[in-house]
Amino acid sequence: MQDGRPHTGRRRHGYDKTGTAIVPEEAATVREIFTRHLDGVSPVQLAKELYERGEKTAEGRS
C-alpha cells in the first residue's frame, strides 16, 4: 500500500492478524525454513518435516 501499511487478507505466517506484530514462535519457524533452504534442503523435504512435527499454517491447518 502507498501509506506503508501491510496488505490485508490472509494472515502471513510469523505475523499477527494486523500484519505489524511478530509472533515469535512462528517467526523462529520461518527463519529455520529460510536458513535450511539456503543450506540446500528442498522445499518438499522441508514441508514433509514440518508436517511430521505437527507445524500448523497461519490459519491453524496441518
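This is a predicted model: local features need pLDDT of at least 70, side-chain atom pairs count only at pLDDT 80 or more; totals for chains, interfaces and linings use all residues.
**Figure 1. The whole protein.** Start with the overall picture: the secondary structure comes to two helices and zero strands. Helices (H or I, at least four residues) and strands (E, at least two) are DSSP runs, numbered from the N terminus. Along the principal axes, the C-alpha atoms fill a box of roughly 40 × 25 × 20 Å. Of the 62 residues, 13% count as buried. Buried means under 20% relative accessible area, exposed means over 50%, and partly exposed lies in between (1.4 Å probe, protein chains only). Among contacts between residues at least 6 apart in sequence, 22% join residues at least 24 apart; a contact means heavy atoms within 4.5 Å.

Figure 2. Look for Thr-29 in helix α1, which covers residues 24–38. Thr-29 counts as buried because its relative accessibility is 9%. Leaving aside neighbours within four places in sequence, Thr-29 is in contact with His-13, Leu-50, Arg-53 and Glu-55. Glu-26 also lies in helix α1. With a relative accessibility of 15%, Glu-26 is therefore counted as buried. Not counting residues up to four places away in sequence, Glu-26 touches Arg-11, Arg-12, His-13, Gly-14 and Tyr-15.

**Figure 3. The largest pocket.** How can we find empty space in a model? Rolling a probe the size of a water molecule over the atoms shows where empty space is left. About 210 Å³ of space lies in the largest pocket. Of the 13 residues that line this pocket, the closest to its centre are His-13, Leu-50, Glu-55, Lys-56 and Thr-57. On a 1 Å grid over the protein atoms alone, a pocket is an open set of points where a 1.4 Å probe fits, with protein on both sides within 12 Å along at least five of seven lines; lining residues have an atom within 4 Å of a point. Grid points are joined across faces, edges and corners, and a volume is the space filled by probe spheres set on the points. Helix α1 and helix α2 (43–52) each supply at least two residues of the lining. By class, the lining has six nonpolar, four polar and three charged residues. Ala, Val, Leu, Ile, Met, Phe, Trp, Tyr, Cys and Pro count as nonpolar, Asp, Glu, Lys and Arg as charged, and the others, Gly among them, as polar.

**Figure 4. Salt bridges.** Side chains of opposite charge can pair when their charged atoms come close. How many salt bridges does the structure hold? There are six, each being a side-chain nitrogen of Lys or Arg within 4 Å of a carboxyl oxygen of Asp or Glu. One of them joins Glu-49 and Arg-36, whose closest N and O atoms are 2.6 Å apart. This pair links distant parts of the chain, with Glu-49 in helix α2 and Arg-36 in helix α1, 13 residues apart. Glu-49 is partly exposed at 22% relative accessibility, and Arg-36 is partly exposed at 24%. Glu-55 and Arg-53 also meet in a salt bridge (3.1 Å, N to O). A network of salt bridges links Glu-32, Arg-36, Glu-49, Arg-53 and Glu-55.

**Figure 5. The segment before α1.** Is Ile-22 buried or exposed? Ile-22, found in the segment before α1, is exposed because its relative accessible area is 55%. Not counting residues up to four places away in sequence, Ile-22 touches Gly-14, Tyr-15 and Ala-27. Asp-3 also has its place in the segment before α1, and is partly exposed with a relative accessible area of 46%. The C-alpha atoms of Asp-3 and Leu-38 are separated by 33 Å.

Technical notes. Residues are numbered from 1 along each chain as its sequence is written. Side-chain values use heavy atoms; hydrogens and water are left out.
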